[in-house]
Amino acid sequence: MSGILRGTGSLRGFLKEGDIAMVAKSSRARPDVKRYVLLANRGLHSDALKLTAAAEQQFAQAMFVRVGLPAKAARPKTAMKVLHSMEDSGPKLVELSDAEALALKASNAGIKLVPEVLYHVARSPRWQIVKQSSGALAASAAAGIVIKVADAASGKPVKGAQLVAFTDFANGVGQQGTSNAKGMVTLKFTTSSKKLELLLIYGPEGYWGLCERDVKIKQGETKKLAHVDLDVPDYLDTLYGTHADNAGAGLRVGVIDTGVDGKHPDLKLAGGAAFVADESDAGGPGPAKLEGEHGTHVAGIIAARGHKPRGKKGVAPGVELYSYRVFPNAGGGASNYDILRAIEQGVQDQCDLLNLSLGAATPDEAVRDAIKSAFDQGVLCIVAAGNDGRQPVSYPAAWAESVAVSAAGKQGTFPVSSSEALDIAPPPATSSKQAFIAQFSNIGPQVDVTGPGVGIVSTLPGGAYGVMSGTSMACPAVTGAAAALLAAQPQVLAMPRDRQRATAMLAVINAAAKPLGFPKDLEGLGLLP
């Protein structure tokens, strides 16, 4: 982690003590104050970013001139607040008022301001009720239709299953609830039975979900969920289950995500760290306390080392795996500033591939600059296309410097009555009528390749296993497949770590992709072997 400065103490020596703001405790007294990433005009590092006291005074002077304030006006003690910095010549997370931001943009100081953007994991969203059915009981009412959710094999109650009952699916009308320790969930309908257009149950850890159409539910009815059987192949296994245990050996892969449980019996971490400025980078590379299971699932798809029937094998078990946690322990989105820092650390750790199963709708120059810098240093960033239901590819996957991944599925690789049935969408592939591009997957001309992303079983924190879907899952499948391909190209890996190396790696990946027979904006070049 050498060369990276974290927290307020790292700024002492080139900023005045009074200018240093505590991370996550910065002043928000003025409503026009916003957070920005301060970057060089070109590249990630520049002498223009060295905010010495003299440079700050010059900035302040330029600000007052540009916004037309009187030269003798009472000036604030601080022109900006630096919340976090990398090296003194590197990017910074800062707070500025609108007037200060305008002045800085006009000052021609060799630097640029990028608004802070929050990214979210690219797991497929779950269908939710947006409007309660008319005639439903008040939320405080005890009555309603009580449904029990149970294990299909043992009959034992299943806690934590999310049941969504649609009376009008197109308009999101219905009722929903989560099963308690007794497996019971109460739907606030006024009658003892109800005709539904669609009943969905999203299974908790270790279970498949359930999808039933045009069904009538009755008081006291039991719905059964199938337990995940590691011995039954999912789409990932179908494609890559025969890979050798050392597939991907010689490559380093970084997972920029919610953190990875390195104590899982199927996973081994070679390194990593937390990059969450608002939490002073505390907590390490393990799973975030809230919503932290995503990164472990992603990591298992790439590099799990388990074996059936008690474990799971990833696509490239032989890689050296690094975890860079950018999502907060407190939950919520990941800052573009933190993602930028994680990408740079992955480059410093000499990763060959970086997996980003995350996205946002906002075009963000900060993360793009980091991805471009990584490419120029011989590192490829493989990025999820997003899950907005066939909408345009999200960022950063939409940037040309990324390898953008859509999500494919195949009927027969998940239970026919599972919630994944809703992910099936036309058109079918010309190579197989069972294959499809998931209805949730974003598409467009930016898609480079596709990967298995529907009903994927992988590792979860605490030694567990579970099912997830999304371009979040397709992305690490492509990352693992790319690692396995590149491991057989030692002459490419031995190239100097520069743009030519990244270009050569990309050429290997592109040449290996085989179309499934979808339109190009759905699958790009196709699926990796």
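Trainee: Of the contacts in the protein chain between residues at least 6 apart in sequence, what percentage join residues at least 24 apart?
Mentor: The figure is 76%, where contact means heavy atoms within 4.5 Å. Please keep in mind that this is a predicted model, in which local features need pLDDT of at least 70, side-chain atom pairs count only at pLDDT 80 or more, and totals for chains, interfaces and linings use all residues. Residues are numbered from 1 along each chain as its sequence is written, and side-chain values use heavy atoms, with hydrogens and water left out.

Trainee: How many helices and strands are there in the protein chain?
Mentor: The chain has 10 helices and 25 strands. Both are DSSP runs numbered from the N terminus, helices being H or I of at least four residues and strands E of at least two.

Trainee: And how much of the chain is buried?
Mentor: Of its 529 residues, 56% are buried. Buried means under 20% relative accessible area, exposed over 50%, and partly exposed in between, with a 1.4 Å probe and protein chains only. The chain exposes about 21100 Å², of which carbon and sulfur atoms supply 53%; accessible areas come from the Shrake-Rupley method with a 1.4 Å probe, and for residues only the protein chains shown count as cover.

Trainee: Turning to the open sheet of 3 strands, what is its order?
Mentor: The order is 17-5-19, with antiparallel pairing; two strands pair if DSSP finds at least two bridges between them. Strand 17 (334-335) and strand 19 (358-359) are the edge strands, each pairing on one side only. Strand 5 (residues 118-121) is joined to strand 19 by 2 antiparallel bridges, and His-120 stands opposite Gly-359 of strand 19.

Trainee: Which residues lie closest to the centre of the largest pocket?
Mentor: The largest pocket holds about 550 Å³ of space. It is lined by 26 residues, and those closest to its centre are His-120, Val-121, Ala-122, Arg-123 and Asn-387. Strand 5, helix 4 (293-303) and strand 19 each supply at least two residues of this lining. On a 1 Å grid over the protein atoms alone, a pocket is an open set of points with protein on both sides within 12 Å along at least five of seven lines, a cavity is a set where a 1.4 Å probe fits but cannot get out, and lining residues have an atom within 4 Å of a point. Grid points are joined across faces, edges and corners, and a volume is the space filled by probe spheres set on the points.

Trainee: What about the second largest pocket, which residues lie nearest its centre?
Mentor: They are Arg-123, Arg-126, Pro-204, Glu-205 and Glu-293, out of 15 lining residues. Its volume is about 280 Å³, and strand 25 (residues 464-468) gives the most to the lining, with 3 residues.

Trainee: How many cavities of 30 Å³ or more are there?
Mentor: The count comes to 2. The largest cavity has a volume of about 240 Å³ and 19 lining residues, with Ser-124, Arg-126, Tyr-202, Ser-419 and Glu-420 nearest its centre. The second largest cavity contains about 40 Å³ of space. Helix 5 (336-348) and helix 6 (365-376) are the elements that give two or more residues to its lining.

Trainee: Where do the bridge partners of strand 9 lie, beginning with the partner of Gly-174 in strand 8?
Mentor: Gly-174 of strand 9 is the bridge partner of Phe-166; strand 8 (residues 162-168) and strand 9 run antiparallel, joined by 6 bridges. Gly-174 is also the bridge partner of Gln-132, and strand 6 (residues 131-132) pairs with strand 9 (residues 173-178) in the parallel sense over 2 bridges. The hairpin of strands 8 and 9 has 4 residues between the strands, with Gly-172 at a positive phi near 70°.

Trainee: Which backbone geometry does Asp-281 have, and is it buried or exposed?
Mentor: Most residues other than glycine have a negative phi, and most peptide bonds are trans. Asp-281 has a positive phi of about 60° and counts as buried at 10% relative accessibility. Arg-390 also has a positive phi, of about 65°, and is partly exposed with a relative accessible area of 24%.

Trainee: What is the omega of the cis bond from Lys-308 to Pro-309?
Mentor: Omega is near 5°, and Pro-309 sits in the loop between helix 4 and strand 16 (320-325). Another cis peptide bond joins Pro-426 and Pro-427, with omega about 0°.
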